[in-house]
Amino acid sequence: NKDKIRWGMKPIFLNYLLNQSMDELVYVDNDIFFYQSPQVIFDAFRNADILLTPHFYPSDPTRNQNWLEANYRVGLYNAGFIGVTKNAKSFLNWWGNCCLYNMKKSYWRGLFDDKKYLDLVPTKFNGVEILKNKGLNVAGWNDHPEGSLSITKKEVVFVHFADLTLDKFSKPSHPFHSLYTNYIDTLRKYQPSFTYIKEKFSIRKIDAAWYYLKWKTCRFLGL
């Protein structure tokens, strides 16, 4: 699977670059777009060797319980952003071996590609900072009043334009719609024919719908 190879190579590639005498590195997915200087990220390296950003999924146990459980099902941290220094090589070696062990979405086994492993990082390694700035890694999954909607557009540092983000932010009524149009306009400077077409059918959506049906059934049966 080309995606799993690409995700699993992140710790290997970062380790390789650190071995080329680099001191600090930040990895971002190719669907991430910056609206401000990333200096706030590099400032965090003053006191940390590993930087993580939470998904900031909804976590209210009185509503949206499916999202509450997603924190445990999918993982607390988003692997589309990772910051490391040369002192983080032991973490990268460990993470790389985790990815070599298994890259699978298997909820009942506690696996979710490369990112569920990151839940262990703050308990296993020193020098870990969890960046709680809501302007970092703004996305469709933290699009709620306690997440990214608690800040203004001017406070957004970068947006993670995954499918869910594109679906939500493309709506003209969304508070961050202008960020979406800025992103699309910038892409069109390099590929004039680019257009965002919302997926109507995909294996990913079928899988998510099937999981939700099972989750609702289990709740109904009290399992």
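**View 1. The buried side of α5.** Tucked away in α5 are F91, L92, W94, W95, G96, C98 and C99, all buried (under 20% relative accessible area with a 1.4 Å probe, protein chains only). This is a predicted model, where local features need pLDDT of at least 70, side-chain atom pairs count only at pLDDT 80 or more, and totals for chains, interfaces and linings use all residues. Residues are numbered from 1 along each chain as its sequence is written, and side-chain values use heavy atoms, with hydrogens and water left out.

**View 2. The length of α5.** Helix α5 covers residues 89-101, 13 residues in total, and spans 18 Å from its first C-alpha to its last. That's close to the expected 18 Å (1.5 Å times one less than its number of residues).

**View 3. The neighbours of α5.** The buried residues of α5 pack against the helices α1 (2-8), α2 (10-18) and α6 (121-124), plus the strands β3 (50-52) and β4 (81-85). Contact here means heavy atoms within 4.5 Å.

View 4. The protein chain has nine helices and eight strands (DSSP runs: H or I of at least four residues for helices, E of at least two for strands, numbered from the N terminus). Of its 223 residues, 45% count as buried. Among contacts with a separation of 6 or more, 64% come from residues 24 or more positions apart. The C-alpha atoms fill a box of roughly 50 × 45 × 35 Å along the principal axes.

Key:
Buried means under 20% relative accessible area, exposed over 50%, partly exposed in between (1.4 Å probe, protein chains only).
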